[in-house]
Amino acid sequence: MSTLLKDYPLFGGRAPKRVTLFAGHYGSGKTNIAVDTALALKQSRAQVAIADLDIVNPYFRTKDAEKWLDEAGVRLIVSPYANSNVDVPALPAETYAILDNPDLTAVVDVGGDDRGALALGRYAESIVRENDYEMLLVINKYRPLTRTGADAVEVMREIEEAGKIQFTGIVNNSNLGDETTAEDVLSSQEYAADISARTGLPIVMTTVKAELLPELSGKVADLFPLSLYVKQAWARGV
């Protein structure tokens with residue numbers, strides 16, 4: 001990953017905030033991006049943690065990446081019931097480490113849509129007060145309920161209301177799982193630009209599978225390769 005990140009820096013080379021939150025529609029890929037971001041940050045930050053606030057039956061939990069996070073020295077904060085057959089909406093007390101330790105660089109995977117973002121509300125006031133955070137909207141043109149810019153913005157506003165934090169930027173993660181082509185990514189640029197225009201928020205990253213980089217370099221700004229690209233059940237045609 002280090003060679004790729006040298007050529008394709010996180011957030012287009014801008015200095016990361018102490019807390020980076022990812023939120024978006026169910027299945028948008030925010031968890032995958034949160035994991036990759038935490039791994040990338042660990043290359044330059046001494047203390048990095050990733051907190052999974054997604055307590056509403058997620059597609060993919062950060063717990064699934066525990067092996068890679070542990071090997072990299074990234075602290076994982078997740079519900080004690082993650083990846084079990086116990087469906088209890090509980091968050092560990094150590095989640096407050098995000099707020100209490102100013103030396104900790106934290107990545108937060110916020111639950112999908114407004115229902116999933118409710119858990120963020122209990123931490124929002126402290127995060128906003130510190131004012132050292134990014135709240136990034138993960139968008140995917142190829143998800144059924146966010147195919148248009150208007151639909152994506154509607155989801156965004158609902159998340160903001162539930163989570164009590166306003167977004168500061170956009171991550172274009174438009175993909176079709178393993179079947180994603182460079183043309184699919186290029187075709188999503190107008191969609192992302194429309195959402196940016198509607199909200200006044202900048203596009204801070206366009207995330208892609210690493211193997212697509214040769215075809216997209218120089219054509220898309222602020223590319224970021226995903227090293228742990230997760231297969232999605234809703235690939236092309238679903």
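**Note on the predicted model: loop, sheet and helix packing**

1. Thr181 is partly exposed, its relative accessible area being 33%, a value that falls between the limits of 20% for buried and 50% for exposed. The residue lies in the loop that runs from strand 6 to helix 8 (182-187). Its C-alpha is 9.8 Å from that of Glu211, although 30 residues separate Thr181 and Glu211 in sequence. This and every other point in the note refers to a predicted model.

2. As to overall composition, the protein chain contains 10 helices and eight strands. It has 238 residues, of which 57% count as buried. The accessible surface of the chain amounts to about 10,500 Å², and carbon and sulfur atoms account for 48% of that area. When contacts between residues at least 6 apart in sequence are considered, 77% of them join residues at least 24 apart.

3. The eight strands form an open sheet with parallel pairing, in the order 3-2-4-1-5-6-7-8. Strand 3 and strand 8 (223-226) are at the edges; each has a single partner strand, so one side of each has no neighbour in the sheet. On average, and with direction ignored, neighbouring strands of this sheet are turned by 25° against each other. Helix 2 (residues 30-41) packs on the sheet and touches strand 1 (19-24), strand 2, strand 4, strand 5, strand 6, strand 7 and strand 8. The direction of helix 2 makes about 170° with that of strand 4.

4. The pairing of individual strands can be followed residue by residue. Strand 2 (residues 48-52) and strand 4 (residues 105-109) run parallel and are joined by five bridges; within this pairing, Ile50 has Val107 of strand 4 as its bridge partner. Strand 4 is also joined to strand 1, in parallel, by four bridges, and here Leu21 stands opposite Val108. Strand 1 is in turn joined to strand 5 by six bridges, again in parallel, with Val19 opposite Tyr133 of strand 5.

5. Six of its six residues are buried, so the strand is largely enclosed by the rest of the structure. In a regular strand, side chains alternate between the two faces of the sheet. In strand 1, Val19, Leu21 and Ala23 point one way, while Thr20, Phe22 and Gly24 point the other way, and all are buried.

6. Helix 9 (residues 189-199) has buried residues at Tyr191, Ala192, Ile195, Ser196 and Thr199. These residues are on the same side of helix 9 because they cover an arc of only 135° around its axis. An α-helix has 3.6 residues a turn, so residues three or four places apart point the same way. Glu190 and Ala197, on the other side of helix 9, are exposed. The packing partners of the buried residues are strand 5 (133-139), helix 7 (149-163), strand 6 (169-172) and strand 7 (203-209).

7. Thr206 belongs to strand 7. With a relative accessible area of 2%, Thr206 is buried, since the cut-off for that class is under 20%. Leaving aside residues up to four places away in sequence, Thr206 touches Asn172, Val185, Gln189, Val220, Ala221, Asp222, Leu223 and Phe224.

8. One aromatic pair is present in the structure. The ring centres of Tyr96 and Tyr123 are 5.1 Å apart and the ring planes stand at 65°, so the pair is edge-to-face. The pair links distant parts of the chain, its members being 27 residues apart: Tyr96 is in the loop between strand 3 (75-77) and helix 4 (97-100), and Tyr123 is in helix 6 (residues 121-130). As for accessibility, Tyr96 is partly exposed, with a relative accessible area of 37%, whereas Tyr123, at 4%, counts as buried.

Notes
Residues are numbered from 1 along each chain as its sequence is written. This is a predicted model: local features need pLDDT of at least 70, side-chain atom pairs count only at pLDDT 80 or more; totals for chains, interfaces and linings use all residues. Side-chain values use heavy atoms; hydrogens and water are left out. Buried means under 20% relative accessible area, exposed over 50%, partly exposed in between (1.4 Å probe, protein chains only). Helices (H or I, at least four residues) and strands (E, at least two) are DSSP runs, numbered from the N terminus. The arc is that of the directions from the helix axis to the C-beta atoms. Contact means heavy atoms within 4.5 Å. Accessible areas come from the Shrake-Rupley method with a 1.4 Å probe; for residues, only the protein chains shown count as cover. Rings of Phe, Tyr and Trp (its six-membered ring) pair if their centres lie within 6.5 Å; planes under 30 degrees apart count as stacked, over 60 as edge-to-face and the rest as tilted. Two strands pair if DSSP finds at least two bridges between them. Axes are lines fitted to C-alpha atoms, for helices over the stretch in contact, and angles run from 0 to 180 degrees between N-to-C directions.
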